[in-house]
Amino acid sequence: MAHHDSECESSLYDEKKVIQLQCKDCDNFICYRGMRAILLADTTVELFSTDLPPYQAVELVGRDYSTSNCKCRIRDVACGICGNIVGYHVTLPCRNCLTSCNNGHFWMFHSDAAFPSPRMDESGMIKYNWHNLPSCSDDPTVNPPSSKKKEFPVCFR
């Protein structure tokens, strides 16, 4: 899991800039609801996190595993176009990470695998912050392009 910089106050979280991420290998958009973060288990590791990746932009690959830093269960995430590993998903957070200051994001992207840029509103004039970002149910980047509704993981915003 990640936390937003070293702060846990809601107002600081709300003011953080929303970024969109592209896969560095193929330029596929892999995230429209991202933020810069640091790893809870090792605060020297910078990464990006999101509450929910875009529909079919990434795929879970392999099996769950744990690291030596904590007991979270995680699974690698690959770009939906080129297949390169771009991050991981926390499939089962450990107690320590859940009780630590965190942003509720369970999808992480490696900073060396993704290129960030600011997410703009529909007018292209205003950069989104987390306080003015549409909710998951209202965000067009979350919903599938077809009229068939699919089940989605829980969005934590």
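**Cysteines**

I looked up Cys82 and found its sulfur 3.7 Å from the closest cysteine sulfur, that of Cys23, which is too far for a bond. I take a disulfide as a pair of cysteine sulfur atoms within 2.5 Å, and the structure holds 0 of them. For Cys79 the closest cysteine sulfur is in Cys26 at 3.5 Å, again too far for a bond. Cys79 counts as buried because its relative accessibility is 3%, whereas Cys82, at 32%, counts as partly exposed; buried means under 20% relative accessible area, exposed over 50%, and partly exposed in between, with a 1.4 Å probe and protein chains only.

I note that this is a predicted model, in which local features need pLDDT of at least 70 and side-chain atom pairs count only at pLDDT 80 or more, while totals for chains, interfaces and linings use all residues. Residues are numbered from 1 along each chain as its sequence is written, and side-chain values use heavy atoms, with hydrogens and water left out.

**Aromatic rings**

I counted rings of Phe, Tyr and Trp (its six-membered ring) as paired if their centres lie within 6.5 Å, with planes under 30 degrees apart stacked, over 60 edge-to-face and the rest tilted. This gives 1 aromatic pair. Phe29 and Tyr32 have ring centres 5.3 Å apart and planes at 15°, so the pair is stacked. Phe29 is partly exposed at 28% relative accessibility, as is Tyr32 at 24%.

**Whole chain**

I found that buried residues make up 43% of the 157 residues in the protein chain.
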